Structure formats: structure tokens, C-alpha cells
Amino acid sequence: MEEKLIKLLQSSADRSLLQSDLWKSINSNSREVSRALSRMEKRGIVKREPFSKDSHKTYKVMLLKKEVRVQISDVVWCSCFTCPDLTRCGMSQPISPENCIKLTMSLRNEYLKYQRAEELKKTVPPEKK
Ligand code: SF4
């Protein structure tokens, strides 16, 4: 439900739509969409403002969060991308991310790399303009 709502809002011209149009567009009902939007509003994904249309009260729903774009370079460090066991791996399976040494090590190495970069930022003074 939330994904559908976000996609609809993203495809609109100004990233906003009327709540009364949203539930019709996804073949849902006003109550379900209202609940979903309320949850999304609490998490800061959307903002709703009262709006009157043809003497009916509704909300204008605005998408707040920008689309998160993940690039391959952001995740290529993960051992799963080159793992020969990928197709047999799954939660609660004999081969599982829950007990995978390769995944643990790649996460650890990435974390250490991040930590080193953060420490380096603290020691190098910002460039003068
Ligand atoms: S969690 Fe481990 S076993 Fe599973 S795909 Fe990733 S690296 Fe391979």
C-alpha cells in the first residue's frame, strides 16, 4: 500500500495529490488509505494539509522524502554479490545470512573502512576558501 502511494506521488507533477484521488487510483478505500497516510505522516514520508474540492473536504498529500537512490558502488562490498551459495541461502536455512562468516566479515570490513574515514575527517582540517 505505502509503496503504491509513494509511486503515485512520485509520478505526479509536484509530488502531491488529493487524498480522495489517491484511494481511487489504487483501487482501495478511503479508510485504508487514510490509515496508511497517517502512518506515513508520522514517519515524515508525507505531509497532509486540509483541502476543499467541490464542497468536499479532503487532504492534499505531499511527498516529503526524496527517492533514495542506491548505486552499485554503495553495496558492491557485500559478499553476497559474488557468493556461489546465493541461490541456496535464506533466512533459517542451513546456509543463512544469520550465521554467515563471509557476510559478517564483509560487514565488519565495510564498517572499519567507514570508521577510518570518519576518524580521518576529524584529523584533517577543513580546506580554507
Ligand atoms: S549471506 Fe553468506 S552465504 Fe548467503 S549469499 Fe550472502 S555471503 Fe553467501
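Guide: What follows takes up the core and then the strand pairing. The model is predicted, with local features requiring pLDDT of at least 70 and side-chain atom pairs counting only at pLDDT 80 or more, while totals for chains, interfaces and linings use all residues. Residues are numbered from 1 along each chain as its sequence is written.

The largest nonpolar core has 11 residues in all: Leu5, Leu9, Leu17, Leu22, Trp23, Val33, Leu37, Met40, Val46, Val61 and Leu63. Such a core is a set of buried Ala, Val, Leu, Ile, Met, Phe, Trp, Tyr and Cys residues joined through C-beta atoms within 7 Å; buried denotes 20 or more other C-beta atoms within 10 Å of the residue's own, with C-beta atoms placed from the backbone. Two or more core residues come from each of helix H1 (2-11), helix H2 (19-25), helix H3 (30-42) and strand S3 (56-63), where helices (H or I, at least four residues) and strands (E, at least two) are DSSP runs numbered from the N terminus. H3 supplies the largest share, 3 residues.

Leu63, a member of this core, is in contact (C-beta atoms, placed from the backbone, within 7 Å) with Ile6, Leu9, Gln10, Arg15, Ser16 and Val46, leaving aside neighbours within four places in sequence.

Strand S2 (residues 46-53) pairs with S3 in the antiparallel sense over 8 bridges; pairing requires at least two bridges found by DSSP between the strands. Opposite Val61 in S3 stands Arg48. The hairpin of S2 and S3 has 2 residues between the strands, and Asp54 takes a positive phi near 50° there.

Notes. A residue is buried if 20 or more other C-beta atoms lie within 10 Å of its own, exposed if 12 or fewer, and partly exposed in between; C-beta atoms are placed from the backbone. Two residues are in contact if their C-beta atoms, placed from the backbone, lie within 7 Å.
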